[in-house]
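Take a moment to turn the model around on your screen before reading on.

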Amino acid sequence: MTATLKQHLPVLLVVGPLLVAYILPVLFRRTRLIRGLTVAIVALGLLGTGYLAIFLLPSVGSSIVYGVGGWSAPWGIELVAGNLGVFFALMVTGVGLPISLYACGALGQEVSPSETRSKFLVLYLLLTGALAGMAFTNDMFNIFVLVEVATLSCCGLVSARRGAKAASAAFNYLVLATIGSSFILAGIGMVYITTGHLNIGFANGELVKAWSTYPHVIWLAVSFFLVGFGVKGALFPLHVWLPDAHSSAPTPASAILSALAVKGYALCLMKILYGVFGASLITTLGVNRILVILGMVGTMAASILALGQEELKRRLAFSTVAQVGYVFLGLGLVNVTGLTGTLYHMASHAMIKSSLFLAAGTIVTTTGKTRISELAGIGKKMPVTMAVFTIASLGLVGIPLFSGFVGKWYLLLGSLEVGGVLAAAVIILGSVLCAAYLFPIIRVAYFEPAPQEDWQDPGVLEKIAMIGLAVGVLVLGTVPGSYLEMAVQAASELLFK
């Protein structure tokens, strides 16, 4: 029984949230049951991925390979629960659980009527299931399908808030994301034409032999993947949809989009670049240098743009674009240290940015103030909310003992390992700019006179969610231990498997 459960866990972690999402529409009038089912299935997902991490992956290279329906690769759909997949699934469920708790407590303040809130949770679970699928799938066509499910869910989540701004942001997001999808599909088609395979492992085996015969096709395919996933992952300057979408979405949607959705697209690009093309080929083609340059430019440009944003959620949105730059920079380092830094930074940023958006959304919905200059004294009126915001800000800057430091430290070491002094300088300067656009918010909140209004921290569920994420930022920063080791093993899988 236990062995059977272990073997089927990867597919259950994907199907579970999707199945509950299909059931929820028939329960629209039972709001409490819908909320309970949403939180329960995400919590079960966290238990399942934790089980995989603790009991099934004690050594480097161990993994569970699952053929859906009993059909083996290359003909069947293959799921692989290795260190990379489990690492990402832990991130999705570990951050997704507090966000779902927050949504159950606070969504009514931003989304109405109750039927729309139930639909919001349906989309939330579809996105969670798609992200879990991205973690485990080992097949390019299923990556495309899951990316589409995630994209459509994200657009729906953005549009859940009524108003012209949210509708316009969702429509722009849909248009640009669809263009990105067409590039990804074209890239997959070119790899299939060249290799005859959609399975990542089999495609890699054929591509190693065939790429010298079709170098221009391979170049075009890589370029299409970079553009397609660059648009969806909000890589500067392809990020134009993100600031409007993330700043106008309901608070839980802003949190999951910024924390997890963009990371899902980055993970897919990582799997295709290192799994299909391989570290040797992307180095031969010079793709690694392009990734590093794009990452450096994105980090610096988006950080400077964030400095000029007066609206709180919009500043956080530009900050997400800057942090995506770190992820792409690390992808181009092609060494275990740099890839470990990228993976850990993804997890750290997921925890941090969800904390920031939940705290910022709480402040905006409670006070009605959206501009940073209007938040004078908010730290005295809403101490828990602002404490969470402060902890997350320190983490994002990369202060030691907070989670952001660990990822940036490994990125720094990885850059120096390949002689990337300029990249190392950008990593440090990006942190300085991050402090420059986040610390003024903390100064205004704590060191300027508070107004007379009776603003208070949110309810119990919202506080539990925010405090849980803040504790996660501290835990990942002080005792990275096994999770960091899993990131190292996942990086080794990408480079050497």
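Which residues of the largest nonpolar core touch the most other members? Keep the question in mind while we settle how to read the model.

## Before we start

This is a predicted model, in which local features need pLDDT of at least 70 and side-chain atom pairs count only at pLDDT 80 or more, while totals for chains, interfaces and linings use all residues. Residues are numbered from 1 along each chain as its sequence is written, and side-chain values use heavy atoms, with hydrogens and water left out.

## The nonpolar cores

The residues of the largest nonpolar core that touch the most other members are Phe136, Tyr173, Phe229, Leu273, Tyr274, Phe277 and Phe389, out of 175 residues in that core. Helix α10 provides the largest share of this core, 22 residues. A nonpolar core here is a set of buried Ala, Val, Leu, Ile, Met, Phe, Trp, Tyr and Cys residues joined through side-chain atoms within 4.5 Å. Buried means under 20% relative accessible area, exposed means over 50%, and partly exposed is in between (1.4 Å probe, protein chains only). Helices (H or I, at least four residues) and strands (E, at least two) are DSSP runs, numbered from the N terminus. As general background, in soluble globular proteins nonpolar side chains tend to be buried together.

Look at Phe277 for a close-up. Leaving aside residues up to four places away in sequence, Phe277 touches Val191, Asn204, Leu207, Ile218, Ala221, Val222, Phe225, Ile272 and Ile282, where contact means heavy atoms within 4.5 Å.

Grid points are joined across faces, edges and corners, and a volume is the space filled by probe spheres set on the points. Searching the whole structure gives 2 cavities of 30 Å³ or more.

The largest cavity has a volume of about 90 Å³. Helices α1 (2–23), α2 (31–56), α3 (83–106) and α4 (114–136) each supply at least two residues of its lining, and α2 has the largest share, with 4 residues. Among the lining residues are Leu13, Ile41, Val92 and Phe136. The lining of the largest cavity holds 8 nonpolar, 4 polar and no charged residues. For this count, Ala, Val, Leu, Ile, Met, Phe, Trp, Tyr, Cys and Pro are nonpolar, Asp, Glu, Lys and Arg are charged, and the others, Gly among them, are polar. The second largest cavity, of about 40 Å³, is lined by Gly233, Val262, Lys263, Ala266, Val324, Val327, Phe328 and Met346.

The largest pocket contains about 550 Å³ of space. It is lined by 26 residues, and those closest to its centre are Leu90, Leu476, Pro480, Ser482 and Tyr483. Helix α19 gives the most to this lining, with 6 residues. By class, the lining of the largest pocket has 17 nonpolar, 8 polar and 1 charged.

The second largest pocket has a volume of about 470 Å³. Of its 19 lining residues, Val80, Asn138, Ile200, Glu493 and Lys497 lie nearest its centre. This lining divides into 8 nonpolar, 8 polar and 3 charged residues.

Is Tyr326 buried or exposed? Tyr326, in helix α12, is buried, with a relative accessible area of 1%. A polar atom of the Tyr326 side chain lies 2.9 Å from the backbone oxygen of Ile427.

A polar atom of the Asn335 side chain is 2.5 Å from the backbone nitrogen of Gly338. Beyond residues up to four places away in sequence, Asn335 touches Gly414, Glu417, Val418 and Leu495.

How values were computed: 1 Å grid on protein atoms, 1.4 Å probe; cavity = no way out; pocket = protein on both sides within 12 Å on 5 of 7 lines; lining within 4 Å. Polar contact = N/O pair within 3.5 Å; in protein donor to acceptor, adjacent residues only side chain to side chain.
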